[in-house]
Amino acid sequence: MRRIICCRFGNKFTQWHVDNLKHMIDTYSGIEYDKFEVIEGDLYGNWYNKFQMYDKFRDGDNLYFDLDMVIYGKLPNLFRSDFTLLDDTWWREPAHTPLNSSIVSWSGSVHHIWEKFWPYAEDYMTKYSLGSDEWYYKEIEYETYDRVCPKFSIKESNPNYNVCTLGQLHHIMEEGWTGWWSPYFLER
Amino acid sequence: MLKICTVYYSDQYTPDYVGKLYDSIRRNCSIPFQSICISDDPSVEADIVLPYNHYGDIKKHWHKLKFFSPNFGYQNPDDDIIIMDIDQVITSNVDDLIGHPVQDKELITYGIWWKSILKTNGGFYKFKSGSLAYVWDDFAKNPGYWQMHYYKDRIVHFPYYGEQNYVNWRAEENGIKIIPTPEEWIGKCDIDKDEEIGDNRLYLEKFGDFMFLDGVSPNIKVVHFTGPGNTIHNNSNEWIKDYWK
């Protein structure tokens, strides 16, 4: 069983964003998978909601993507056995965490992540209020990908990679924004 | 192509502000343009209506800054871009305002006759598409910070105010030539009647005519309804109905 997973909750992202991610994966990435899963439970009102996937998907090969990404070509194999996420330190200034969970992969069960988090969710969200990526960094063991996902540039696509994360620039997914990325997005 | 860009969101104004602004410009201007509005109400009257996202990081009139990006609003490299507030009434021919020439690294903005520490006025910006892209690009890196910066530093008195302070600073920092339009072109209608009387007197002293009494001075092209809580539709000045339609 190979799963692609994403997470949508609240109003920030719409069904179009989910459909758009699936469109880019199916059309450009070359990734083959069995199921496309969407985490929609809004337990925490923030991106700690993603942690529900560690409870829900305890078998098979799992590959998670944030919705605010651009996939514009064939991707290397991103499925991993060990729990793996992005390390951003090669393209950005040092921050509260070197990690970025825009892409996450694991095989089998990493249920221990959920079990460690949920009983103390409120405390953790207070302690790591800047986001869950600091939680990963400080609280669990992980592996990181090699350089596979740089940040988005509004001027041009990076020819060395075929996926990028939008970060603060996720507004370019809104209607009215056009650029090199537009042909890769699902038509509205 | 000239694009005149606005922002509407449900707050103190009504959706007809957008159509009335564009209609009144067309009545008083011989220059063809395309109207583009970011709006949370799809019924506003504009050639292109782009959705106002209430759930994103960008708040209120700060959405105006999006038009500084050449990647927004279907801009083309040679376009001239005008950004206008919708709380304005056009009162005479605006060919010289709308058609004001502009080059790269220039920002055309209202010249104002009342006291201000800024060289720019958020009611009107005109520039060449993409030539001031950093205004948006730098803002977009940390919109949460900038949107509250001028309030937290007590430079402005209301949360989320300060967009024109930000544009002024970015323009000056980047050596942009800020070109004011003739001051007598702009009228100012305040919510406070005493302020309005004072403004009328000041305009008279500077330009030899009242800004408005029963009618509007022929020197004036646009009247801007400035200040928090000020609206056109609740204003009692009789002359408004002659122009705002």
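A residue is counted as buried if 20 or more other C-beta atoms lie within 10 Å of its own. This tour of a predicted model relies on that cut-off at its opening stop.

**Val135(B).** Select Val135(B), which sits in helix α3 of chain B, residues 133-140. Because 24 C-beta neighbours fall inside 10 Å, Val135(B) counts as buried. Next, display the residues that Val135(B) touches, leaving aside those up to four places away in sequence: Leu65(B), Phe68(B), Val167(B) and Arg170(B).

In soluble globular proteins, nonpolar side chains tend to be buried together. The largest nonpolar core here has 107 residues, and Val18(B) and Ile82(B) are the members that touch the most others. Helix α1 of chain B, residues 16-27, supplies the largest share of this core, 5 residues. Centre the view on Val18(B); beyond four places in sequence, its contacts include Tyr8(B), Cys37(B), Val44(B) and Ile86(B).

**Chain B as a whole.** Switch to a cartoon of chain B to see 7 helices and 10 strands. Its C-alpha trace spans about 45 × 40 × 35 Å along the principal axes.

**The contact with chain A.** Finally, show both chains: 12 residues from chain B and 12 residues from chain A form the contact. On the chain B side, 7 are nonpolar, 4 polar and 1 charged.

Terms used
Residues are numbered from 1 along each chain as its sequence is written. Chains are lettered from A and ligands numbered from 1 in the order in which they are written. This is a predicted model: local features need pLDDT of at least 70, side-chain atom pairs count only at pLDDT 80 or more; totals for chains, interfaces and linings use all residues. Two residues are in contact if their C-beta atoms, placed from the backbone, lie within 7 Å. Ala, Val, Leu, Ile, Met, Phe, Trp, Tyr, Cys and Pro count as nonpolar, Asp, Glu, Lys and Arg as charged, and the others, Gly among them, as polar. Helices (H or I, at least four residues) and strands (E, at least two) are DSSP runs, numbered from the N terminus. A residue is buried if 20 or more other C-beta atoms lie within 10 Å of its own, exposed if 12 or fewer, and partly exposed in between; C-beta atoms are placed from the backbone. A nonpolar core is a set of buried Ala, Val, Leu, Ile, Met, Phe, Trp, Tyr and Cys residues joined through C-beta atoms within 7 Å.
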